[in-house]
Amino acid sequence: MKYSNELYTAFTAIVLFLTLIIMNRIVKCNGLGQLTLAYLLLMPGFITVNGVLTGTGLDSPVVNYTPSAITGYRILTIPLEDFAYGYVLVLLNIMVFNAIRGKNTLTIAVHKS
């Protein structure tokens, strides 16, 4: 694996991979595309908040990353890995919410008016 020495990158990639497998094979999510679209719609807020935390517009960042733990690729000041990590957080929250509700499959309903 190319970035296996970058601990945060490797951990995030593995957790994202396992989460997607669980959602597709075990939970049988049929709305992953809609969840991904919802995540993309959250991006302006994510970029604003995470951007400030990682130093956009500040003299020094609130959150610092160990350079050897990440790839170094950034969007503004946000490490690329944070986008995958945020996606995992959204997916896991939805899976846990559905598990608490007692649903063994995740169906995304689109309501049309």
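Trainee: Let's start with Asn 50: which element holds this residue, and what makes Asn 50 count as buried?

Mentor: Asn 50 sits in helix H2; helices here are DSSP runs of H or I of at least four residues, strands are runs of E of at least two, and both are numbered from the N terminus. Buried means under 20% relative accessible area, exposed means over 50%, and partly exposed is what lies in between, with a 1.4 Å probe and protein chains only. The relative accessibility of Asn 50 is 11%, so Asn 50 counts as buried. Before we go on, please keep in mind that this is a predicted model, where local features need pLDDT of at least 70 and side-chain atom pairs count only at pLDDT 80 or more, while totals for chains, interfaces and linings use all residues. Residues are numbered from 1 along each chain as its sequence is written, and side-chain values use heavy atoms, with hydrogens and water left out.

Trainee: Which residues does Asn 50 touch, not counting those up to four places away in sequence, and with which side chain does the side chain of Asn 50 make a polar contact?

Mentor: Asn 50 touches Ile 78 and Asp 82 on that count, where contact means heavy atoms within 4.5 Å. The polar contact is with the side chain of Asp 82, at 3.2 Å. A polar contact is a pair of N or O atoms within 3.5 Å; within protein, one must be able to donate a hydrogen and the other to accept it, and residues adjacent in sequence count only if both atoms are side-chain atoms.

Trainee: How confident is the predictor, and what is the average pLDDT of the protein?

Mentor: pLDDT is the predictor's confidence in each residue, from 0 to 100. The protein averages 84, and 87% of the residues score at least 70. Among the elements, H3 has the lowest mean, 88, and strand E2 (residues 78–79) the highest, 93. Where pLDDT is low, the predicted coordinates should not be read in detail.

Trainee: How do you know that the span of helix H1 agrees with what its residues should give?

Mentor: The expected span is 1.5 Å times one less than the number of residues. Helix H1 (residues 7–26) has 20 residues and should span 28 Å; its end C-alpha atoms are 27 Å apart, which agrees. H3, with 21 residues, reaches 31 Å from its first C-alpha to its last, close to the 30 Å expected.

Trainee: What do the buried residues of H1 pack against?

Mentor: They pack against helix H2 (32–53) and helix H3 (80–100). The buried residues of H1 include Tyr 8, Leu 16 and Met 23. For H3, what covers the buried residues includes H1, H2, E1 and E2.

Trainee: How many aromatic pairs are there, and why is the pair of Tyr 8 and Tyr 65 called tilted?

Mentor: Rings of Phe, Tyr and Trp (its six-membered ring) pair if their centres lie within 6.5 Å; planes under 30 degrees apart count as stacked, over 60 as edge-to-face and the rest as tilted. By this rule the count is 4 aromatic pairs. The ring centres of Tyr 8 and Tyr 65 are 5.8 Å apart and their planes stand at 35 degrees, so this pair is tilted. Tyr 8 lies in helix H1 and Tyr 65 in the loop between H2 and strand E1 (74–75), 57 residues apart, and the pair therefore links distant parts of the chain.

Trainee: Which residues touch the most other members of the largest nonpolar core?

Mentor: Met 23, Leu 32, Leu 35, Tyr 87 and Leu 91 do, out of 14 residues. H1, H2 and H3 are the elements that give two or more residues to this core, and the largest share, 5 residues, comes from H3. A nonpolar core is a set of buried Ala, Val, Leu, Ile, Met, Phe, Trp, Tyr and Cys residues joined through side-chain atoms within 4.5 Å.

Trainee: Last one: why is Leu 76 called exposed?

Mentor: Its relative accessibility is 59%, so Leu 76 counts as exposed. Leu 76 lies in the loop between E1 and E2 and has a positive phi of about 55 degrees although it is not a glycine.
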